[in-house]
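Thank you for coming, everyone. Please have the sequence and the model open while I talk, and stop me if a term goes by too quickly.

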Amino acid sequence: MYEAFFFLFALAAVGFAVNLVLQNHPIHSALSLIGVMASLASLYLMLGAEFIAAVQVIVYAGAIMVLFVFVIMLLNAGEEERTNFSRLAGTLGVPLILVLLASIASIVYRIAPSDEMVRFGDFHGRTADIGRMLFRTYLLPFEIVSILILVALVGAVVLARKES
Amino acid sequence: MIPLSYYLVLSAILFCLGVAGFLLQRNIVTIFMSVELMLNAVNLSFVALSYHFRLLDGQIFVFFVMVVAAAEAAVGLGIIIAVFRNRESLNVDRMNLIKW
Amino acid sequence: MTTTVLLFTLLKVIVIVFVVLTAVAYAVWFERKVVARLQSRWGPTRVGPHGLLQPLADAIKLLTKEDITPANVFRLVYFLAPALSVITALLAFAAIPFGPVTLVGGVDLFQIANLDIGVLYILSISSMGVYGIALAGWSSNSKYALLGGLRSSAQMISYALAAGLSLVGVLLLSGSLNLRDIVNAQAGATWGFIPHWNIFPQLLGFFCFLTAAIAQTNRLPFDLPEAESELVAGYHTEYSSMKFAMFFMAEYANMLTVSCMVTLLFLGGWHGPVFGPALLQTMLPLLWFSLKVLALLFLYIWIRGTLPRFRYDQLMAFGWKFLFPLALVNVLLTSLIVAYRAD
Amino acid sequence: MFQETIAPVGKRTMILNMGPQHPSTHGVLHLILELDGETILKATADIGFLHTGIEKTCEAKTYHQAITLTERIDYLCPLTNNLCYVLAVEKLLGLEPPSRAQWMRVMLNELTRIGSHLVWLGTHANDIGATTVLLYCFREREEILNLFEAVSGQRMMTSYFRVGGLALEPPAGFLKRVEKVMATFPDHIDEYEELLTRNRIWMARTKSVGILTKEDALDFAVSGPTARASGIDWDLRRDNPYSSYDKFSFRVPLRAEGDIYARYIVRMEEMRESLKIVRQALEGMPEGPIQVNAPAVVLPQGDNRKTEMEALIQQFKIVIDGFCVPPGEVYQAVESPRGEMGYYIVSDGTAHPYRVKVRSPSFANLQALPRLAEGRLLSDLVACIGSIDIVLGEIDR
């Protein structure tokens, strides 16, 4: 059963990701990305990271992607015409990406212990523990990230402001 | 039972698809979404390795990545709106004012 | 997990979905009745006694109506949007406990899944609900629908934040994200008659969450995405027949979810006086739970019958400049008190 | 500095055709809106969807028949239209109806005003989202319509006012009935005010929204409550009295703000003032005939037709040929619930009017709408349309 679920969500994630790359209309790409994120959230659950899974849906799929969809709807821009598409990127890019994938995969197989099996329920990331670590071990990064997001907030407001 | 490496390879596949989208797409919003896809792929690695080491640090890193992604989305989309207001287009090839 | 348990669980899921759908249908009836009484009308009276069969008649009408798909819609998204709305609305019920643990054959009768992150789960599912509305508005290729979709996506993000923050107080008090644990923490009463419900220490949080939740479910005074006097019907202007009914169902299912959440988090869930024979003792918690949910639904409808609608900028200002800081103050106060007590 | 670099070069605006089928355009108003997001850059009203050619049709009717057409101009205040037309014809003929008829006309007119304001309040509140007020208002309007039915046999298209007086003697006990209905009204108005006047959301939606300055109001020839909310102290009932309005004492509500809330308050107070007028009319209703003694113009009453040959001939003459009106032209204006409602009638001495022109208040008031709504949000536009209380039948005629 676990295998079935893994392959289901993994295939869904890859399928949506491929769709993201191939679609012409940004809203379809956005929908695909939401699909990827939902599949990944399920995979996180299977890895015992339920807090991260929930946050993935709330923050990534439920907030960031809503922003994307909102902007696409707001600009209401249709499909972009394909302009002076770089031939180099087409001919060299795809093979190079495949090379990249192959090298990463080989490294993963070299390094990752092949006998390590993921079992559901073996490891359970409790939310309370994450909170404790976040506010003890990682307090400084947490604060820095808070300031970062504040800066981003101000920046976004400045950018989107209409001059009166 | 699934070997851990499956998760890592899946992460690699998603990352490479993100790179492909980044290179192949001309729409700046889709390019931006490809970046998000890459971030998501890396997050999967983090969570998988967090499982491997039975340590929560990986998950906390994912948390930070999400916060950074949120900040990036806010500013990035703001820039996209500003650019679109100026140039009436989302095509990156049309944004070539400082290209020589 | 044995096959019988699996089958039993499947059966339970089907029964709960059926019950929820019936409850949704009768929530519509209840609303029509209560609003009618508020407005000195009768409401539905023709179909069955007190119009009790009205939901059935409505369902038949909506199912048999012509399903019109306008010519220039984005077909895939247009068809996907109502399904997305209903699915997200129904998924939320997976984590809601309707009563205390009642094991029959190793299966808990009154809850589908007892999640450790129940609160987060429901928040995340409800945050996905916005896609149904936003995409419906966008894919209809209609200006009114587009405005409705834009309004809803901005509104949902803004108020999801306030809703999430206003729950932090409850989470701090009960120290758990598990809905069942949160309810159990509210058992008992002070001096025998003041129940230990979270609403008393968390009045501010209760107010914030209820307001934000009303906004998230697009109900008056926050029903801007479908404001019929401005946007005709908002995001579902171009929908008809069953697809329209699906948005309708989703809205009422969301109302039910919110009422259940408020009951569980603030009103002590199924806790109430329990007495009598064994069977009654198992049924009474369910009754208390339903009564509390019904009271909240009534509140929803009462508000709808009384208040005018906000304007878009006022809605945003209210969410960001009033509700959000208020929720923050609530978090601050509660954490101070919790920290003080921990010492 | 970088503000300049992101300044919009070409604004992307959206043209939204609001109406003629739209829930809150109060009939078949078509507004062409140019929107930037939800902000209205330009609003253009496109009228004519309810054009019925009433003015032209009047020319083919006798003076008597035209009465039934006038009330169809403004379906919310049929009696006011009747009154205005009838007064104009009476002016041409030089007739003065007896005082009982005049007082009845005043009373019924004020009832019409209350009924019209109730419809305005209900739809206006419904536009802003307060649905319950609509139902309450229509519940009370029903009482008023029942009174009209009692007095004329019709709920809406009453044709109760005739040249030279009234159509019928009001039924026995009618005044008692009016008194009984009116006794409940102050409470009802309090009820609406309780729901709206101090409501925070209502105030937020209406205060300093859709401001019409005094100068603009004068420029656009706005009249009625809409003008009085902008500080123009002008009410034809007081300043140019007709039908013995000068014998009644009432206050003309006035506000200076010129926003939607001011218009709301003015109309609410007007309802209370109208109640006062109705009460005065009930108390001081004179006895006497309901029609002037002018056999050539006024239809014979009651059983005369069955016993007297002259009466039968008279009836026949008036119905078939109509009565001739001396040549000339006349303009008569009354204060309708929406503002200055005026009838300009040209007579060529025959039994048919040569020309009937209606000066309709909604037509003038609608001109102010773009000034009220431009630069504001779509939701404000809806509130503005409601606040100027337009009736499309009257705009298009």
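Before that, a word on how to read the names: residues are numbered from 1 along each chain as its sequence is written, while chains are lettered from A and ligands numbered from 1 in the order in which they are written. This is a predicted model, in which local features need pLDDT of at least 70 and side-chain atom pairs count only at pLDDT 80 or more, whereas totals for chains, interfaces and linings use all residues.

Let me start with confidence, for which we use pLDDT, the predictor's confidence in each residue, from 0 to 100. Chain B averages a pLDDT of 83, and 97% of the residues score at least 70. Within chain B, confidence is lowest in strand S1 (residues 2–3), with a mean of 78, and highest in helix H2 (residues 28–53), at 88.

Now to the way the chains meet. Two residues are in contact if their C-beta atoms, placed from the backbone, lie within 7 Å. There are 5 pairs of chains in contact, and of these, chains A and B share the most contacts. Chain B and chain C, on the other hand, do not touch, and their nearest C-alpha atoms are 13 Å apart.

Looking at the A and B pair in detail, 61 residues of chain B are in contact with 72 residues of chain A. On the side of chain B that touches chain A, two or more residues come from each of S1, helix H1 (4–24), H2 and helix H3 (57–87) of chain B, and H3(B) gives the most, with 21 residues. By class, that side has 45 nonpolar, 11 polar and 5 charged residues, where Ala, Val, Leu, Ile, Met, Phe, Trp, Tyr, Cys and Pro count as nonpolar, Asp, Glu, Lys and Arg as charged, and the others, Gly among them, as polar.

One residue to look at here is Phe63(B), which lies in helix H3 of chain B. Is Phe63(B) buried or exposed? Phe63(B) counts as buried because it has 25 C-beta neighbours inside 10 Å; the cut-off is 20 or more other C-beta atoms within 10 Å for buried, 12 or fewer for exposed, and partly exposed in between. Leaving out residues up to four places away in sequence, Phe63(B) touches Ile52(A) and Val55(A).

The two chains also pair through strands, which DSSP must join by at least two bridges to count as paired. Strand S1 (residues 117–118) of chain A and S1(B) pair in the antiparallel sense over 2 bridges, and Met117(A) stands opposite Pro3(B).

Next comes the nonpolar core, a set of buried Ala, Val, Leu, Ile, Met, Phe, Trp, Tyr and Cys residues joined through C-beta atoms within 7 Å. The largest such core has 294 residues, and those with the most contacts inside it include Ala30(A), Val69(A), Val47(B) and Val89(D). Helix H3 (residues 50–75) of chain A gives the most to this core, with 19 residues. If we leave aside neighbours within four places in sequence, Val69(A) is in contact with Ile27(A), Ala30(A), Ala134(C) and Ser153(C).

Finally, please turn to chain D, which has 18 helices and 8 strands. Buried residues make up 50% of its 397 residues. Strand S6 (residues 328–336) and strand S7 (residues 339–347) of chain D run antiparallel, joined by 9 bridges, and they form a hairpin with 2 residues between them. S7(D) is also joined by 6 bridges to strand S8 (residues 353–359) of chain D, again antiparallel. Tyr343(D) in S7(D) stands opposite Gln332(D), and its bridge partner in S8(D) is Val358(D). S7(D) and S8(D) form a hairpin with 5 residues between them, and Gly349(D) in the turn has a positive phi of about 90 degrees.

A positive phi also turns up in Ala221(D), at about 55 degrees, although Ala221(D) is not a glycine. Ala221(D) lies in the loop between helix H9 (214–219) and helix H10 (225–228) of chain D.

Technical notes: Helix = DSSP H or I, 4+ residues; strand = E, 2+ residues; numbered from the N terminus.
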